[in-house]
Every structure is written in structure tokens, then in C-alpha cells.
Amino acid sequence: MSEIITAGEPLVLFIADEKGPLHAVRHYTRYMAGADVNVSVGVSRLGHTVSFLTQIGEDPFGVYVKNFLNNENIDTTYVFSTPTYPTGFMLKGLSEIGDPETVYFRKNSAASKLTKEAVRQVDFSEAKILHLGGILAGLSESGYETTLALIEKARKYGLTITFDPNLRPVIWESEEKMMERTNEIACLCDVVMPNAKEAQILTGEHEKEKMADFYLSRGVRQVIINLVEKGSYSKKKLEDGSFAEAAVPKYEVKHLVDRIGAGDGFVSGILAGMLEQLDDQALLMQGNAICSIQMQSLGDNDGLPTRAALDAFMKSAALTSAR
């Protein structure tokens with residue numbers, strides 16, 4: 001039995017071995033990607049157990065996905081396969097400035113066809129946290145229904161439900177539907193973890209305190225915001241009705257390589273910290289540290305640290321000045 005149950009879309013990732021537009025690249029190196037995969041890897045490397053719910057195609061990419069998860073000690077009991085739909089993949093370029101060029105091949109992927117019937121097979125009895133991202137709900141109507149079914153079942157078993165919006169406008173029918181359904185899901189959860197840009201889009205607010213209040217006033221217990229260049233921030237409602245806040249600066253990034261996956265690293269640090277019962281200050285510090293580490297690695301999850309590597313980084317790395 002696993003401490004964390006999560007669900008989402010695995011993507012086989014091909015990163016260009018040479019600079020230039022993707023249409024001109026001749027050679028790529030294969031990696032593994034997908035926001036919820038990244039989070040699962042981060043949690044597992046810190047010594048915690050996680051089960052991953054998804055659907056893959058009966059194809060070579062599907063075999064690679066399952067083998068990758070098994071090698072990362074992620075439980076694949078609920079990784080189902082189908083001969084009808086393919087495993088999704090993506091291409092990512094090399095870029096010296098800004099985010100790299102990315103192209104996704106995920107329409108009608110096996111993961112997008114996952115249905116709520118799969119939730120019936122998931123054992124929640126020993127789990128402590130259900131972690132969800134917003135991508136599954138945006139991929140398809142069945143992905144949205146599966147997300148709601150997971151939340152409903154987790155509530156029955158008393159799990160803490162955490163949510164990372166992971167806004168991807170390209171996968172949604174419209175921005176209006178993206179905002180409506182993402183906020184609907186967020187308000188059914190206990191802990192909501194957007195980054196600052198996502199929080200601004202979803203709440204219409206510009207101050208971190210008001211972003212948090214948007215969700216806290218709608219029944220969410222805690223809001224944790226990755227402020228990126230300004231560190232991170234938490235606000236939660238206590239049992240007596242009062243509120244507790246915490247904020248910490250970010251760790252310095254000496255050798256920026258790729259920002260993709262850093263937010264997922266942040267979330268994995270938060271989830272591990274929740275299982276370890278860290279206080280909010282320590283929780284944010286751990287998330288910030290993994291975020292910084294991952295930005296100094298090429299793949300979407302290759303840089304996610306073991307416990308020993310994380311401890312060593314936090315002892316030696318410098319924090320930026322608080323803002």
C-alpha cells in the first residue's frame with residue numbers, strides 16, 4: 001500500500017541533442033515527462049511510497065513508461081493498458097534564452113481515454129494523500145470525470161486531497177472552461193498549490209494574500225503558492241478559525257539549465273514534507289530547494305534529488321534575500 005495516490009498523463013519526452021528549431025533537429029535523447037510523473041518521481045526518491053493511476057498504449061512507448069515507473073519504485077498496479085489508443089509523447093528543443101520550444105502529441109492518447117471505472121480498482125485504504133493535477137481533467141471529459149471520482153472516493157477514506165492546477169490552455173476547449181473546471185476541482189480539495197501566474201489567472205488577484213483568500217473563503221484548508229523568483233508562500237485556516245502564514249525566499253540557482261519540471265519538483269517537496277509532518281516554514285524550504293535543484297538539470301525529472309542529495313544541498317546552498 002502507498003502513502004500517496006496520484007493520477008495523470010505520462011509522456012515520453014525527446015529532447016533535441018542540437019540547437020535550432022525542432023523541424024530541423026536530427027537527433028534526440030529520450031527521457032520521461034508528465035507533471036504527475038515528475039511529482040511521483042520526486043516523492044519516491046525522498047523515500048516515500050506512491051501509486052500512479054493512468055492508462056498507456058500497448059506499444060513500445062507504453063512499455064518504456066511502465067519500466068521507468070517501476071525503476072523509480074513507483075507502484076504500477078493501476079497503470080492500465082489499451083490496444084486502442086497510443087501512449088503520448090512530446091518533443092523539446094534546446095534553448096539558451098527563455099523556455100525551449102515544445103510540441104505535444106497527446107490528442108486521443110491512452111491517458112486521455114482513462115475513465116472513472118478505473119477508480120473502482122484503486123485501493124485507498126492505507127493511503128494518506130491523494131494528489132491531483134489539472135492536466136487529466138483538461139485532456140477529455142472522461143479525464144474530468146475520473147478526477148471527480150478520485151476526489152469523491154478519497155473523501156470517503158479520509159485522505160488529504162492536494163491539487164496543482166497545472167494550467168495548460170492548449171488542452172482545454174476554452175480558457176473559460178479551463179478556469180471554471182480548474183477552480184471547481186480546487187475548491188473540492190484540502191490543499192491547493194498554484195504558482196503565482198496560475199493563481200493570478202484563476203483568482204483575478206495580484207497579491208498573494210488575496211490569491212490565497214480566494215480559495216480559503218471557498219472551503220480550501222491551505223493554499224501554497226510557488227512565487228518562483230520570490231520564493232514561496234503559505235496561508236492556511238486553523239481549527240479555531242484564525243489563519244497562519246509563512247513565506248520563505250528561494251534558493252540561488254547557480255547554473256540554470258531548464259525551468260520545466262521545477263514546479264513539479266516544488267510540489268514533490270511539499271507532499272513529502274506533509275508526510276514528514278514538517279511545519280509550514282520547513283515545508284516551503286524543502287519545496288524551494290527541490291525547485292532550485294531541478295532547474296539545474298536538463299530532463300523534466302532527472303535532477304530530482306534523493307534524501308541525501310537534498311539534505312546536502314540545503315546545507316550548502318544560499319538563499320536569496322527575502323523580498
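Which residues lie nearest the centre of the second largest pocket? They are Thr-160, Arg-221, Met-274, Leu-275 and Gln-277, among the 14 residues that line this pocket. A pocket here is an open set of points on a 1 Å grid over the protein atoms alone, where a 1.4 Å probe fits, with protein on both sides within 12 Å along at least five of seven lines. Lining residues have an atom within 4 Å of a point.

The model is predicted, with local features requiring pLDDT of at least 70 and side-chain atom pairs pLDDT 80 or more, while totals for chains, interfaces and linings use all residues. Residues are numbered from 1 along each chain as its sequence is written, and side-chain values use heavy atoms, without hydrogens and water.

The second largest pocket holds about 350 Å³ of space. Volume is the space filled by probe spheres set on the grid points, which are joined across faces, edges and corners. Helices (H or I, at least four residues) and strands (E, at least two) are DSSP runs, numbered from the N terminus. The largest share, 3 residues, comes from α8. The lining divides into 6 nonpolar, 4 polar and 4 charged residues. Ala, Val, Leu, Ile, Met, Phe, Trp, Tyr, Cys and Pro count as nonpolar; Asp, Glu, Lys and Arg count as charged; the others, Gly among them, count as polar.

The largest pocket holds about 1,100 Å³. It is lined by 40 residues, and Arg-168, Asn-195, Glu-198, Arg-259 and Ile-260 are the closest to its centre. At least two lining residues come from each of α1 (35-45), β7, α5 (175-186), α6 (196-203), β11 (222-228) and α8 (262-275). Helix α8 again supplies the largest share, here 5 residues. By class, the lining has 21 nonpolar, 8 polar and 11 charged residues.

Strand β7 also belongs to an open sheet of 4 strands, ordered β3-β2-β6-β7 with mixed pairing. Strands pair if DSSP finds at least two bridges between them. The edge strands, β3 (28-33) and β7 (102-105), each pair on one side only. From one strand to the next, the twist averages 20°. Strands β2 (residues 11-16) and β6 (residues 89-92) run parallel and are joined by 4 bridges. Phe-14 has Leu-91 of β6 as its bridge partner.

Helix α2 (residues 60-71) lies across β2, β3 and β6. Its angle to β3 is about 60°. Angles run from 0 to 180 degrees between N-to-C directions, with axes fitted to C-alpha atoms, for helices over the stretch in contact. Contact means heavy atoms within 4.5 Å.
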